[in-house]
Amino acid sequence: MGWILGIGIGVVTLFWLAAELAAVEGKGQGNRAFFKSVKRSLYVITPLFIVAGVLYYLFFN
């Protein structure tokens, strides 16, 4: 049960961080630019989260 909670928090954090980066990147350009920027941010952030998760479970589990 704990790992499900951890994955959920990780996914929420992933989307929150992508939205924050998109908001900084596309100020005043409308919703379409915002969602395009969120998608681009997710492409960058997701592999970083995966690598961080693998390293965490290798060294601390």
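Here is a short briefing on a helix pair and a pocket. The model is predicted, so local features need pLDDT of at least 70 and side-chain atom pairs pLDDT 80 or more, while totals for chains, interfaces and linings use all residues. Numbering starts from 1 along each chain as its sequence is written, and side-chain values use heavy atoms, without hydrogens or water.

**Helix packing**
- Helix α1 covers residues 2-25 and helix α2 residues 31-60; helices here are DSSP runs (H or I, at least four residues), numbered from the N terminus.
- Their axes lie 8 Å apart at an angle of about 135°, with axes fitted to C-alpha atoms over the stretch in contact and angles running from 0 to 180 degrees between N-to-C directions.

**Helix contact**
- The contact residues divide into 13 nonpolar, 5 polar and 2 charged.

**Largest pocket**
- About 360 Å³ of space lies in the largest pocket.
- Its lining has 14 residues, with Gly6, Ile7, Gly10, Phe49 and Gly53 nearest the centre.
- α2 supplies the largest share of that lining, 8 residues.
- By class, the lining has 10 nonpolar, 4 polar and no charged residues.

**Terms**
- Ala, Val, Leu, Ile, Met, Phe, Trp, Tyr, Cys and Pro count as nonpolar, Asp, Glu, Lys and Arg as charged, and the others, Gly among them, as polar.
- A pocket is an open set of points on a 1 Å grid over the protein atoms alone, where a 1.4 Å probe fits, with protein on both sides within 12 Å along at least five of seven lines; lining residues have an atom within 4 Å of a point.
- Volume is the space filled by probe spheres set on the points, which are joined across faces, edges and corners.

Conventions: Helices (H or I, at least four residues) and strands (E, at least two) are DSSP runs, numbered from the N terminus.
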